[in-house]
Amino acid sequence: STNASWGGRFTEATDEFVAQFTASVDFDRRMYKHDIQGSVAHATMLGKVGVLTQNEVDQIIKGLAEVQADIEAGNFEWSVALEDVHMNIEAALTAKIGIVGKKLHTGRSRNDQVATDIRLYLRDEIDFILTEISRLQKGLADQALKYNDVVMPGFTHLQTAQPVSFGHHLLAWLEMLKRDYSRFVDCRARMNQLPLGAAALAGTTYPIDRDLTASLLGFDKPTANSLDSVSDRDFAIEFSAASAIMMMHMSRMSEELVLWASAQFDFIDLPDRFCTGSSIMPQKKNPDVPELVRGKSGRVFGHLMSLLTLMKSQPLAYNKDNQEDKEPIFDTIDTVQGCLRAFADMVPHITPKQDVMRTAALKGYSTATDLADYLVKKGIAFRDAHEIVGESVAYGLKTKKDLSEMSLEELQQFSDQITDDVFEVLTLDGSIAARDHFGGTAPNQVKKAAQTALDNLK
Ligand code: ARG
């Protein structure tokens, strides 16, 4: 025969380039452990239902353990001629235990095998991603707790808007990550069903017990339709979508860190070990980590589009197109895990430059809304108060004074309702402390929110 696995009906060997072109072993060998895990469960089930003898099952399991040990010791020769991880492992098993190895594939197809392997593989990687998100969240919550009363300018349109607590800003990032976390949890729950048993597409004639295989592999239940089982890659798309959304968030965080680390903002200090210098400009310290995370969001977005496009016109059931799912999934995993690791390592060591932030918050009339609210509380309608404060700001721009730097007499030009107590609301600390409700930027609210986040992370 021309090929060990399917050569029976062929009269000539595969074209050498075609063999290379259609092979996936160079990348799908990453799933070797999960392929073996799936095979062990499949063989165990075949033994329980009497398709294999217990002795055969024992030989298969022992043989697969040896194959795994060989792979992990670097004593395994991956063969492109054997196309993919599945056939490489099966061939190695047969080389070890002989004819019994050839029985492993009874009642199974590579179509349901690969669908199972990716799910097992992705499930583990999602679990790691979840712990890394939590680690990053913990860093943010710790920092927020520590810097709950550090004042910085809050922006809209990147123009000074109102003062906020630096801790509050970090907790905004934490909220984004909370939603990301739950998207990965959802995706994991939906994909946690066993495709094995679907065989090529129609199911199998053997008396298989799919519930048993599902429980051996930690799946909630077997998938309900054999055609769908081998052709569904929704879980990969969902994983990519969750990853893309999280990378969009991390890119926004990165953008802010890059801005804050610039000489013009100068809001934070990033530890040297997360930055690099320039080969020509001796003064440079570049925020490479956030820049790269921002840049890497692009490839993850691209993988989502690749997978959607890969699936969009496929007729049922399995098509070779599906082999193209792996590289986008793997690269998404690598990218997301790398970015999370870099951020989780770096965030606890970001230091706010509190004086610079405070000085910046004093520019741009960040307490103008506070003055308007003050006038409303004195009985003036909000629109009129808005107008009065607008005039005060215009005066400040002309005289180069912040509202808090004006004398009482100067302020009273614009409204006789303004009295001595106005200066409490015009300070930065007064301004943030006044937003004292659930979700607001008052330091004691930030403290509470950070503490709640830390409790939930335990
Ligand atoms: N390497 C293939 C993949 O990644 C495995 C399934 C192949 N099945 C087939 N009938 N050619 O999808």
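This briefing walks you through the domains of the chain and the surroundings of its ligand. Please keep in mind that the model is predicted. The chain is divided into three parts: domain 1 (14-106), domain 2 (111-358) and domain 3 (364-457). The ligand lies between domain 1 and domain 2, because both of them give residues to the shell around it.

**Around the ligand**

- If you want to look at the shell in your viewer, select Ser-24, Asp-28, Asp-84, Arg-110, Asn-111, Val-114, Tyr-318, Lys-320, Asn-322 and Gln-323, which surround the ligand.

**Where domain 1 touches domain 2**

- The C-alpha centres of domain 1 and domain 2 are 31 Å apart.
- Contacts between the two domains involve 18 residues of domain 1 and 20 residues of domain 2.
- On the domain 1 side, two elements each supply two or more residues: helix 2 (25-28) and helix 3 (32-48).
- Helix 3 gives the most to that side of domain 1, with 9 residues.
- By residue type, the side of domain 1 that touches domain 2 has 8 polar, 6 nonpolar and 4 charged residues.

**Putting the two together**

- Domain 1 and domain 2 are in contact with each other, and both also give residues to the shell around the ligand.

Key: Residues are numbered from 1 along each chain as its sequence is written. This is a predicted model: local features need pLDDT of at least 70, side-chain atom pairs count only at pLDDT 80 or more; totals for chains, interfaces and linings use all residues. A residue is near a molecule or strand if its C-beta atom, placed from the backbone, lies within 6 Å of it. Domain bounds come from an automatic or database domain assignment. Two residues are in contact if their C-beta atoms, placed from the backbone, lie within 7 Å. Helices (H or I, at least four residues) and strands (E, at least two) are DSSP runs, numbered from the N terminus. Ala, Val, Leu, Ile, Met, Phe, Trp, Tyr, Cys and Pro count as nonpolar, Asp, Glu, Lys and Arg as charged, and the others, Gly among them, as polar.
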